[in-house]
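Subject: The structure to look at

Hi,

Here is the structure I said I'd pass on. Have a look at it first, then read my notes below.

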Amino acid sequence: MKKVIVIGCPGAGKSTFARKLRDVTGIPLYYLDMLYHKPDKTIVKREEFDIGLNDIIKKDNWIIDGNYQRTLELRLRECDTVFFLDYSLDVCLMGAESRVGKKREDMPWIESELDEDFRQCIIDYPKESLQKTYQLLKKYKEKNIIIFTSRKEADEYIKNQLKNKPDLFL
């Protein structure tokens, strides 16, 4: 595992899982939200985003956290491992709501409320992106694809990784 992507519906906890994975593996972590969003809540131009993403992909190892359907196939081609957090809509909505007002390393500002457009993006994910994601995963089935359907499964995976590397924190 050298080149990893963490994908799933907004609010699923991709960034949280990616941080835990980084802490266990030591693999550098890159947040697509930090590449896309500016601190003033504007976004970068498509070309600037693509240049930044390509710079990351050229590195020897990485964890890339984020959905960004437009670039998903590129990341799938380049990665060796996929973690797909395929959680229920309720879990994702609660996850997005729970981070309002909290400082996060994966976002350049603190959300003061759950943006209605973002909420709608979460609601639309199952019908607009889920099938496309599974189709792409099927296309790249030679990759190491790990699908979690609950936070408990993801947490158990991290715990098992820690058990296999007890010297990481000595």
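Which side chain meets that of aspartate 106 in a salt bridge, at 3.5 Å from N to O? The partner is arginine 19. A salt bridge here is a side-chain nitrogen of Lys or Arg within 4 Å of a carboxyl oxygen of Asp or Glu.

Before I go on, some ground rules. This is a predicted model, so local features need pLDDT of at least 70 and side-chain atom pairs count only at pLDDT 80 or more, while totals for chains, interfaces and linings use all residues. Residues are numbered from 1 along each chain as its sequence is written, and side-chain values use heavy atoms, with hydrogens and water left out.

Salt bridges

By that rule, there are 11 salt bridges. Back to the one we began with, between aspartate 106 and arginine 19: this pair links distant parts of the chain, 87 residues apart. Arginine 19 sits in helix H1 (residues 14-25), and aspartate 106 in the loop between helix H5 (89-98) and helix H6 (116-128). Helices (H or I, at least four residues) and strands (E, at least two) are DSSP runs, numbered from the N terminus.

Are aspartate 106 and arginine 19 buried or exposed? Both of them are buried. Buried means under 20% relative accessible area, exposed means over 50%, and partly exposed is in between (1.4 Å probe, protein chains only). Aspartate 106 counts as buried because its relative accessibility is 2%.

Aspartate 106 also forms a salt bridge with arginine 104, where the closest N and O atoms are 2.6 Å apart. Arginine 104 is buried too, at a relative accessible area of 12%. A network of salt bridges links Arg19, Arg99, Arg104, Asp106 and Glu111.

Lysine 159 is partly exposed at 46% relative accessibility, and glutamate 156 is partly exposed at 34%.

Aromatic pairs

The structure holds 10 aromatic pairs. Rings of Phe, Tyr and Trp (its six-membered ring) pair if their centres lie within 6.5 Å; planes under 30 degrees apart count as stacked, over 60 as edge-to-face and the rest as tilted.

One of them is a tilted pair, phenylalanine 17 with tyrosine 157, at 6.4 Å centre to centre and 50° between the planes. This pair joins distant parts of the chain, 140 residues apart, with phenylalanine 17 in helix H1 and tyrosine 157 in helix H8. Phenylalanine 17 is buried at 4% relative accessibility, and tyrosine 157 is buried at 17%.

Now compare tyrosine 36 and phenylalanine 49: their ring centres are 5.8 Å apart and their planes are at 90°, so this pair is edge-to-face. Tyrosine 36 is in helix H2 and phenylalanine 49 in helix H3, so the pair ties together parts that are 13 residues apart in sequence. Tyrosine 36 is partly exposed at 25% relative accessibility, whereas phenylalanine 49 is buried at 3%.

Ring pairs also link Phe17, Phe83, Phe148 and Tyr157 into a cluster.

Where is cysteine 92 found? Cysteine 92 is in helix H5, and it counts as buried because its relative accessibility is 0%. Leaving out residues up to four places away in sequence, cysteine 92 touches Cys9, Pro10, Gly11, Ala12, Tyr87 and Ile122. Contact means heavy atoms within 4.5 Å.

Aspartate 80 lies in the loop between helix H4 (72-78) and strand S4 (81-85). Aspartate 80 is partly exposed, at a relative accessible area of 28%. Apart from its neighbours within four places in sequence, aspartate 80 is in contact with Met1, Lys2, Lys3, Lys143 and Asn144.

Enjoy clicking around!
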